[in-house]
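User: I am new to this one. Please walk me through the terms as they come up.

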Amino acid sequence: MKQNLTQKILSAHLISGELGAGGEIGIKIDQTLTQDATGTMAYLQFEAVGIPRVKTELSVSYIDHNTLQTGFENADDHAFLQSCASRFGVYFSRPGNGICHQVHLERFGKPGKTLLGSDSHTPTGGGIGMLAMGAGGLDVAVAMGGGEFYLPDPKVVKINLTGKLAPWVSAKDVILEVLRRLSVKGGVGKIFEYAGSGVSTLSVPERATITNMGAELGATTSVFPSDEQTRIFLKAQGRENDWIPLEADADAVYDEEICIDLSALEPLAAQPHMPDNVVAVSSLKNIKVNQVAIGSCTNSSYRDLMTAAAILKGKVVDPSVSLVIAPGSRQVLTMLANNGALTALLDSGARILESACGPCIGMGQSPSSGAVSLRTFNRNFEGRSGTADAGVYLVSPEVAAASALTGYFTDPRTLGPTVEIPMPENFRVDDSLIIPPGSPDTAIVRGPNIKALPIAPKLTPDLELPVVIKLNDNITTDDIMPAGAKILPLRSNIPALSEYVYSKIDAGFSARARQLGQSIIVAGQNYGQGSSREHAALVPMYLGVRVVLAKSFARIHKANLINFGILPLTFVNESDYDLIKDDSKLIFTNLTEALSNSVEFDILLSGRNASIRVSHNLTERQIGIILAGGLLNYTKEAGK
Ligand code: F3S
């Protein structure tokens, strides 16, 4: 049978389920990556699974998120992660070596392999022909132990690229065009596979920009074929032996097809506060710009920063603009230092930041109040920059650099002849900040910021659960478990972190949940949208939340709730949401039987003599996880 590229990689890794049958499939994971903000928990979980060394072909632990060391907490986390990597057989990329996705592309990614990362932008690896997906840290810990990764059998969408990008139009504009057409919900349950004659005109780093921001479509992942461009990139990284050719069969079948003529695209920008709020840059030209930030896992490759340097060379940034640049990796930074481009950037007035996530995760460089910030990043949600009333626009490095010079939104096509940045024949390869796995006897270093991993209790069949909070629609994981420079360093310290759950919405939540002991959260539509952070499930579990009853759930958050033993239920009749009050209690009887026997069952509203029909829509495996008290217990019990 003719196969598309996705089917080829999935069928080569399929362990359980059936492709095309529409159910759940389980696949073998070849490589994993973790970053420090999610990695501390992933390694505590791996330790709890009890497997002495990782069973993947390759696992890498990166330090790139929490590199601002204003207290001992991040340093504690780094020492813990370094010792875990050594002991469990994992490569360790030290702080300063770069952003996980950029470094993984440069040094480890291999066409045709599967990659699971505890970061939602892991699909960046699709640029080199990997099937690369983001997941919660617990799923990554299980994969490191050799366990399957389960996902809903995806629909495959062909994005047929034709033509060639016009001068000053770049890969960022391709993915912004896809977002403009499909919206931030347009990719749910889908894998986007790029094909067509236009593919060969894009280099691997350009492809990686496109697959990176496929995450903003809500897609499972995105993937490009492995072709001559892939071979050239790997050869320049000194890794030609890692190359294999890989593409869809001619006449392969897809669930949907979208056509994009690259030649017809123009410079685009995503306006505040959503990545799909996309318009032409030419329509924004009189908007004053206060800050420009170039970097992040989306746009900080050698090509991206050389383009910015070529635009800025011999000129000076407008005095009203703060220009900050965070190179994606030490490889990129040292190459710019050696070829003089770094001097051009510094002479223009750019401020050079560490090779790390930095401002993308709100670690420094918050814009001034009410400012307009142009960023080459991937997300522009309200407040993510650290400044509540700043307006963040997502743009290409070309638009960012051109606008830094004028102080206004500037269409780079007004700059004159374009700049061509050829792929270097050889990248500067120096892996001295990547520490190979050490001895299984390495002692794990646990500073005071490394606290024990909370384990979920088993679900008891009969429960009387008071409502701890009743919420409206579209609650994000950021609403549940906020991030930011103050809270991020506590990701390995659940007791301290638990003080901040829902702190943006309800300052009394944490104390009330503790006082109630066990409780239920009631919510509206799309509960848990946004980033994949598993702490938004783990910490409520720690505070005694046993069930979330919502009108609907965001997919990854629902998976995380199940992983931590919290039962996700939906209303069969959404109007029943109105029956529940802030001080209601809900009574569950014979829960084990109810879950196993039927998709729907009734629960009682205490004191009202009323019942509410609920639905669980869980697979048999997921019911097993809930009854075991979460994926960790389930995995240990099953000996997986
Ligand atoms: Fe880091 Fe931002 Fe990417 S936080 S991994 S640069 S989305």
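User: Why is α6 called roughly parallel to α7?

Analyst: The axes of α6 and α7 cross at roughly 25 degrees and come within 8 Å. Axes here are lines fitted to C-alpha atoms, for helices over the stretch in contact, with angles from 0 to 180 degrees between N-to-C directions. Angles under 35 degrees count as roughly parallel, over 145 as roughly antiparallel, 65 to 115 as roughly perpendicular and the rest as oblique. That makes α6 roughly parallel to α7.

The model is predicted: local features need pLDDT of at least 70, side-chain atom pairs count only at pLDDT 80 or more, and totals for chains, interfaces and linings use all residues. Residues are numbered from 1 along each chain as its sequence is written.

User: What makes the contact between α6 and α7?

Analyst: A171, K172, V174 and I175 of α6 meet E206, T209 and I210 of α7. Contact means that the C-beta atoms, placed from the backbone, lie within 7 Å. The residues of this contact divide into four nonpolar, one polar and two charged. Ala, Val, Leu, Ile, Met, Phe, Trp, Tyr, Cys and Pro count as nonpolar, Asp, Glu, Lys and Arg as charged, and the others, Gly among them, as polar.

User: How do you know whether the crossing of α6 and α7 is left-handed or right-handed?

Analyst: A crossing is left-handed if the near helix is turned anticlockwise from the far one by less than a right angle, and right-handed if clockwise. The crossing of α6 and α7 is right-handed.

User: Why are α2 and α5 called oblique to each other?

Analyst: The axes of helix α2 (residues 36-49) and helix α5 (residues 137-144) cross at roughly 45 degrees and come within 8 Å. α2 and α5 are therefore oblique to each other. Their crossing is right-handed. Residues of α2 including M41, F46 and V49 meet residues of α5, among them L138, V142 and M144. The contact of α2 with α5 holds nine nonpolar, three polar and no charged residues.

User: What makes α9 oblique to α11?

Analyst: Helix α9 (residues 302-312) and helix α11 (residues 341-348) pack at an angle of about 55 degrees, with their axes 9 Å apart. That makes α9 oblique to α11. The crossing of α9 and α11 is left-handed. L305, M306, A309 and L312 of α9 contact A341, A344, L345 and S348 of α11. This contact of α9 with α11 has seven nonpolar residues, one polar and no charged.

User: How do you know that domain 1 and domain 2 touch?

Analyst: 31 residues of domain 1 are in contact with 29 residues of domain 2. α6 gives the most to the side of domain 1 that touches domain 2, with five residues. That side divides into 11 nonpolar, 14 polar and six charged residues. Domain bounds come from an automatic or database domain assignment; they are 5-264 for domain 1, 271-415 for domain 2 and 463-638 for domain 3.

User: Which residues are around the ligand?

Analyst: They are H65, I99, C100, H101, D119, H121, S296, C297, C357, C360, I361 and N378. Each has its C-beta atom, placed from the backbone, within 6 Å of the ligand. This shell divides into six nonpolar, five polar and one charged residue. Domain 1 and domain 2 each give at least three residues to the shell.

User: What makes the bond between P272 and H273 cis?

Analyst: Omega is about 0 degrees there. H273 lies in the loop between β13 (268-270) and β14 (278-280). Helices (H or I, at least four residues) and strands (E, at least two) are DSSP runs, numbered from the N terminus.

Notes:
Two residues are in contact if their C-beta atoms, placed from the backbone, lie within 7 Å.
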